[in-house]
Amino acid sequence: MKTKVQIHREEKHLTQTELAEKSGLSLRTIQRIEAGNIPKGFTLKALAKTFEIDPESLISNAQENPEIKRAKLINFSALSSLVIPFGNIIFPSILIYKSKEPKAKELGKSVLTVQIIYTFILGTLMIVSPFIQKVFSLQFPLFIVFLVVMKAVNIFIIFKNGLSLSQKSDLCIKLKTNIL
């Protein structure tokens with residue numbers, strides 16, 4: 001993800017070296033800022049003066065949209081199912097209910113929909129696994145395989161959505177229709 005400094009630099013058609021010379025900063029400082037360090041003090045003022053913008057607009061990227069922040073919290077609260085049964089439904093539900101941001105509620109409902117379907121599939125697999133195990137005369141407990149695979153899939157979904165929320169401010173894995 002590009003930083004504000006990198007975006008402004010590219011808009012002005014400057015290389016990192018040219019920006020360093022124009023702003024009076026070192027090339028290494030420019031590289032660090034574009035790698036994710038937040039400019040402060042003299043550095044922030046020098047860059048703002050070079051780009052002819054307000055210093056606050058260079059660091060506004062560091063302040064994440066509160067709706068997206070809340071949606072990420074709702075999404076990652078689904079990881080509680082690793083410790084608490086049905087935590088992937090209980091905690092996101094509470095956070096959605098207490099949320100005042102409409103975008104966070106909408107994204108949260110999409111997260112919750114995926115978690116409800118995941119829990120239904122996992123529960124179904126847990127119920128049918130002994131029957132499948134008996135039909136195929138398997139000696140190892142099949143429900144453990146289903147449990148580990150489904151938990152891994154859920155963790156993947158949660159982290160993929162978290163990354164997508166950070167980069168695109170939207171969910172990557174969601175259903176076309178919301179059941180809530």
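Predicted model: local features only at pLDDT ≥ 70, side-chain atom pairs only at ≥ 80, totals over all residues.
1. Two residues are in contact here when they have heavy atoms within 4.5 Å of each other.

2. Residues are numbered from 1 along each chain as its sequence is written, and side-chain values use heavy atoms, with hydrogens and water left out.

3. Where does Glu34 sit? Glu34 belongs to helix H3, residues 27–34. (Helices are DSSP runs of H or I with at least four residues, strands are runs of E with at least two, and both are numbered from the N terminus.) With a relative accessible area of 10%, Glu34 is buried. (Buried means under 20% relative accessible area, exposed over 50%, and partly exposed in between, using a 1.4 Å probe and protein chains only.)

4. Which residues of H3 are buried? They are Ile30, Ile33 and Glu34. These residues cover an arc of only 95 degrees around the axis, so they lie on the same side of H3. (The arc is taken from the directions from the helix axis to the C-beta atoms.) Their cover includes helix H1 (4–11), helix H2 (16–23) and helix H4 (41–51). Just after H3, Gly36 has a positive phi of about 130 degrees.

5. Ser23, in helix H2, is worth a look too. Ser23 is buried at 10% relative accessibility. Its side chain reaches the backbone oxygen of Leu19 at 2.8 Å and that of Ala20 at 3.4 Å. Setting aside neighbours within four places in sequence, Ser23 is in contact with Ile30, Ala46, Leu47 and Thr50.

6. Now for two loop residues. His13, in the loop between H1 and H2, has a phi near 60 degrees, positive although the residue is not glycine. Is His13 buried or exposed? It is exposed, at a relative accessible area of 70%. Phe86, in the loop between helix H6 (66–77) and helix H7 (87–98), also has a positive phi, near 65 degrees. Phe86 is exposed, with a relative accessible area of 52%.

7. Phe86 turns up again in the lining of the second largest pocket, along with residues including Asn88, Tyr118, Thr119, Leu122, Leu147 and Lys151. Helix H8 (102–135) and helix H9 (142–168) are the elements that give two or more residues to this lining. (On a 1 Å grid over the protein atoms alone, a pocket is an open set of points where a 1.4 Å probe fits, with protein on both sides within 12 Å along at least five of seven lines; lining residues have an atom within 4 Å of a point.) H8 gives the largest share, three residues. The pocket has a volume of about 170 Å³, a volume being the space filled by probe spheres set on the grid points, which are joined across faces, edges and corners.

8. Thr119, in helix H8, is buried at a relative accessible area of 14%. Thr119 touches Phe86, Asn88 and Ile89, not counting residues up to four places away in sequence.

Note on methods: Polar contact = N/O pair within 3.5 Å; in protein donor to acceptor, adjacent residues only side chain to side chain.
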